Amino acid sequence: MSETMRAAVVPEAGEGFEVVERAVPEPAPGEVRVAVEACGICHSDVFVKDGGYPGVRYPRIPGHEVTGYVDAVGDDVDSWSEGDYVGAGWHGGHCFTCEPCRRGNFVQCANGDITGLTFDGGYAEFTTVPAEALAAVPEDLRAVDAAPLLCAGVTTYNALRNADLQPGDLVAVQGVGGLGHLGIQYARAAGYETVAISRSADKEEFATELGADHFVNAAETDPAEQLQALGGADGVLATAPSSDAIGSVVEGIGIDGSVIVVGVPGEDVPVNAQHLVGTNGAVEGWSSGDARDSQDTLEFSSLRDISPEIETYPLAEVETAYERMITNEARFRVVLEP
Ligand SMILES: [Zn+2]
Ligand SMILES: [Zn+2]
């Protein structure tokens with residue numbers, strides 16, 4: 001094989017992408033090399049592009065929605081073999097020995113790695129990933145469809161399945177975008193009475209196609225009132241990173257309901273504490289998942305035919321692709337094919 005590869009690097013925080021020739025990385029002990037088929041561009045890649053996340057060194061290859069085939073395995077790896085179809089997400093490995101790891105909570109590892117942030121990610125023809133950070137991808141999922149499921153997918157799927165929700169419960173997904181359009185599909189497939197909340201009237205038809213039972217236009221009506229008219233939400237998955245939008249749905253939860261925040265706004269969220277006390281309600285957060293959670297997400301997506309809406313670009317068009325994502329023009333996830 002060729003000993004160099006093409007990669008899109010961020011030379012320094014705040015600078016544009018450069019597509020360069022790089023040496024193909026060798027997997028260290030405990031690592032696996034992946035020949036990248038597809039890599040999603042996630043909003044969190046802004047942490048690499050513009051800086052602002054601790055521990056990112058430059059130049060850095062971003063990308064934490066990686067799918068491809070195992071191409072080489074390092075020493076001491078017995079869980080993967082050449083040719084395996086795999087994916088890597090935000091959670092980029094863990095130490096196995098810190099206190100959260102000893103309790104099996106690898107996502108909260110005190111020494112955890114992040115794919116494409118603390119080590120080079122998937123905006124390249126090859127990447128190396130710690131063996132424990134890989135998920136097996138079902139053969140029937142295309143690499144370009146599976147890639148966004150490794151961040152946007154696992155975040156919404158894992159948040160919903162870890163919430164105290166039962167089939168038939170009223171569950172709203174606030175925001176019909178990159179995260180929300182997957183959240184609606186998972187909510188529907190999980191058996192919830194599913195409400196899509198958006199400020200764009202033109203999302204109604206799409207949300208209904210994805211499986212929403214109700215559509216609330218938050219630009220024209222009060223979403224909290226609408227949720228109360230439906231009986232009060234047992235859960236609201238808040239995917240739009242807007243503190244006003246999140247605050248506006250808190251009074252829509254019913255008894256023991258909760259707002260689960262997965263889209264992080266830059267500002268604090270105003271919360272009506274009176275309503276929380278009156279309902280025993282909560283506003284809580286959820287952070288993605290580990291590799292096994294990703295694999296569960298992929299397997300469930302395969303089982304229930306759930307896939308993201310994507311736009312694909314070759315690596316050479318990384319700048320255009322990133323612009324589509326960061327300006328919120330993309331419908332809905334952008335995927336590179338290195
Ligand atoms: Zn992400
Ligand atoms: Zn740890």
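Mentor: Donors are N, O and S atoms within 2.8 Å of the metal. The model considered here is predicted.

Trainee: Which residues are the protein donors of the zinc ion (ligand 2)?

Mentor: Cys 95, Cys 98, Cys 101 and Cys 109 each supply an SG atom, at 2.3 to 2.4 Å from the zinc ion (ligand 2). Along the chain, these donors follow the spacing C-x2-C-x2-C-x7-C. Cys 95 and Cys 109 lie 14 residues apart and link distant parts of the chain: Cys 95 belongs to the loop between strand S5 (85-88) and helix H2 (99-102), Cys 109 to the loop between H2 and strand S6 (126-130).

Trainee: Why is the arrangement around the zinc ion (ligand 2) tetrahedral?

Mentor: Four donors count as tetrahedral if all angles lie between 85 and 135 degrees. Here the 4 donor atoms subtend angles of 103 to 121°, so the arrangement is tetrahedral.

Trainee: Is Cys 109 buried or exposed?

Mentor: Buried means under 20% relative accessible area. Cys 109 has 10% and is therefore buried, whereas Cys 95, at 22%, counts as partly exposed.

Trainee: How does the span of helix H9 (residues 291-303) agree with its 13 residues?

Mentor: At 1.5 Å a residue, helix H9 should span 18 Å, and its end C-alpha atoms are 18 Å apart, so the two values agree.

Trainee: What caps the N-terminal end of H9?

Mentor: Asp 290 does, with a side-chain oxygen 3.1 Å from the backbone nitrogen of Arg 292. Just after H9, Asp 305 adopts a positive phi of about 60°.

Trainee: Against which elements do the buried residues of H9 pack?

Mentor: The buried residues, among them Leu 298 and Phe 300, pack against strand S7 (134-136), helix H3 (143-161) and helix H4 (180-189).

Methods
Residues numbered from 1 in each chain as written. Chains lettered and ligands numbered in written order. Predicted model: local features only at pLDDT ≥ 70, side-chain atom pairs only at ≥ 80, totals over all residues. Heavy atoms only, no water. Helix = DSSP H or I, 4+ residues; strand = E, 2+ residues; numbered from the N terminus. Expected span 1.5 Å × (residues − 1). Buried < 20%, exposed > 50% of the residue type's maximum accessible area, 1.4 Å probe, protein only. Contact = heavy atoms within 4.5 Å. Polar contact = N/O pair within 3.5 Å; in protein donor to acceptor, adjacent residues only side chain to side chain. Donors = N, O, S within 2.8 Å, 3.2 Å for Na, K, Ca; no water. Tetrahedral: all angles 85-135°; square planar, octahedral: opposite > 155°, others 65-115°.
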